[in-house]
Amino acid sequence: MLLYPFQKEAKETVLRHWERGNRAALISLPTGAGKTIVFSDILRSTLEGNSGRGLVLVHRDELLRQAKEKLHLVWPAAALSTIEAGYTNYSGQVAVGSVMSIVRRLNEMPRIDKVVTDEAHHAPAKSWLKIYRQVESLNPDWRHLGVTATPIRSNGSSELHAIFGKPVYVKSIFELIVEGYLCPLTGLEVRTEVSVEDVGVHAGDFVAEQLSRVINTRDRNRLVVENYIELASGRKALVFAADLSH
């Protein structure tokens with residue numbers, strides 16, 4: 001599979017970084033730029049034709065399928081296996097697993113050579129760190145790649161830097177729009193007149209339970225749907241919600 005020039009540049013930057021003896025690398029690409037394609041091709045380039053093993057860490061079980069689909073697309077011959085709720089299988093050359101499923105059964109982990117952390121801004125969390133320590137104990141020479149669209153957050157940036165160092169490759173959404181890889185954005189604001197001033201904040205984010213009580217209302221939800229129908233009827237849509245009920 002042919003990569004776009006910026007994807008190839010990101011891949012080559014990571015490989016050079018590893019070749020210089022650095023263990024960890026972080027790349028930042030915006031949503032839609034093909035982060036999964038990039039890390040899949042990095043795994044193919046470094047594991048194909050040898051006995052090395054890879055592990056892709058995802059935040060939730062729902063992201064397993066996406067990662068496996070892209071891996072198969074980029075590397076059709078790859079032997080893949082999964083670690084998810086109630087099921088552990090490291091038999092593939094590349095295993096794709098949700099963090100919570102892996103961390104509950106760390107003793108079953110084999111020696112791993114390459115680890116990819118998807119949504120790497122979660123990496124400083126305790127459960128993710130336990131996995132990294134286990135990988136390190138089994139193979140001190142492992143290599144780590146983190147991919148994220150949000151390497152700079154209101155909390156945890158210094159901890160992220162401690163794991164990966166500074167990002168080795170960054171492309172912004174604006175650069176990719178100018179270069180013609182992503183569509184230009186048109187922003188339309190719909191005012192709901194709902195105030196979040198009294199919603200608490202913890203570690204830089206709104207407290208989800210409080211936020212849900214404020215924004216998950218019949219009138220506000222109706223307004224959102226009515227404007228979707230008026231402005232984007234028939235188009236695919238993404239909805240960012242406060243919690244599952246919302």
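1. Conventions for helix packing. Axes here are lines fitted to C-alpha atoms, for helices over the stretch in contact, and the angles run from 0 to 180 degrees between N-to-C directions. Helices (H or I, at least four residues) and strands (E, at least two) are DSSP runs, numbered from the N terminus. The model is a predicted one, in which local features need pLDDT of at least 70 and side-chain atom pairs count only at pLDDT 80 or more, while totals for chains, interfaces and linings use all residues. Residues are numbered from 1 along each chain as its sequence is written, and side-chain values use heavy atoms, with hydrogens and water left out.

2. The pair α2 and α3. Helix α2 packs against helix α3 (residues 64-74) at an angle of about 55°, the axes being 9 Å apart. That angle makes α2 oblique to α3, on a scale where angles under 35 degrees count as roughly parallel, over 145 as roughly antiparallel, 65 to 115 as roughly perpendicular and the rest as oblique. The crossing of α2 and α3 is right-handed; a crossing is called right-handed if the near helix is turned clockwise from the far one by less than a right angle, and left-handed if anticlockwise. From α2 the contact (heavy atoms within 4.5 Å) draws on Thr36, Ile37, Ser40, Asp41, Leu43 and Arg44, and from α3 on Gln66, Ala67, Lys70, Leu71, Leu73 and Val74. By class, the contact of α2 with α3 has six nonpolar, three polar and three charged residues, where Ala, Val, Leu, Ile, Met, Phe, Trp, Tyr, Cys and Pro count as nonpolar, Asp, Glu, Lys and Arg as charged, and the others, Gly among them, as polar.

3. The pair α1 and α2. These two helices pack at an angle of about 45°, with axes 10 Å apart, and are therefore oblique to each other. α1 passes α2 in a right-handed crossing. The contact is formed by Gln7, Ala10, Lys11, Val14, Leu15 and Trp18 of α1, together with Ile37, Val38, Asp41, Ile42, Arg44, Ser45 and Thr46 of α2. Its residues divide into seven nonpolar, three polar and three charged.

4. Helix α1 on its own. Covering residues 5-19, α1 has 15 residues and reaches 21 Å from its first C-alpha to its last, close to the 21 Å expected at 1.5 Å a residue; the expected span is 1.5 Å times one less than the number of residues. Buried residues (under 20% relative accessible area, with exposed over 50% and partly exposed in between, for a 1.4 Å probe and protein chains only) of α1 are Phe6, Gln7, Ala10, Lys11, Thr13, Val14, Leu15, His17 and Trp18. They pack against several elements, including β1 (24-28), β6 (114-118), β7 (143-148) and α7 (173-178). Just after α1, Gly21 takes a positive phi of about 100°.

5. Helix α9. The 15 residues of α9 (residues 218-232) should span 21 Å at 1.5 Å a residue, and the end C-alpha atoms are 21 Å apart, which agrees.

6. Ala24 is found in strand β1 and, at 9% relative accessibility, counts as buried. The C-alpha atoms of Ala24 and Leu145 are separated by 5.8 Å, although the two residues are 121 residues apart along the chain. Neighbours within four places in sequence aside, Ala24 is in contact with His17, Trp18, His144, Ile163 and Phe164. Ser98, in strand β5 (residues 94-98), is also buried, with a relative accessible area of 3%. With the same exclusion of sequence neighbours, Ser98 is in contact with Val58, Arg60, Asp61, Leu64, Ile83 and Glu84.

7. Which phi does Glu119 take? The value is near 55°, a positive one in a residue other than glycine. Glu119 lies in the loop between β6 and α5 (126-138) and is partly exposed, with a relative accessible area of 26%. Glu193 likewise has a positive phi, of about 65°, although it is not a glycine. Glu193 lies in the loop between α7 and β9 (201-202) and counts as exposed at 70% relative accessibility.

8. Exposed loop residues. Ser51, in the loop between α2 and β2 (54-58), is exposed, with a relative accessible area of 71%. Ser51 and Gln93 are 42 residues apart in sequence and 7.7 Å apart in space, C-alpha to C-alpha.
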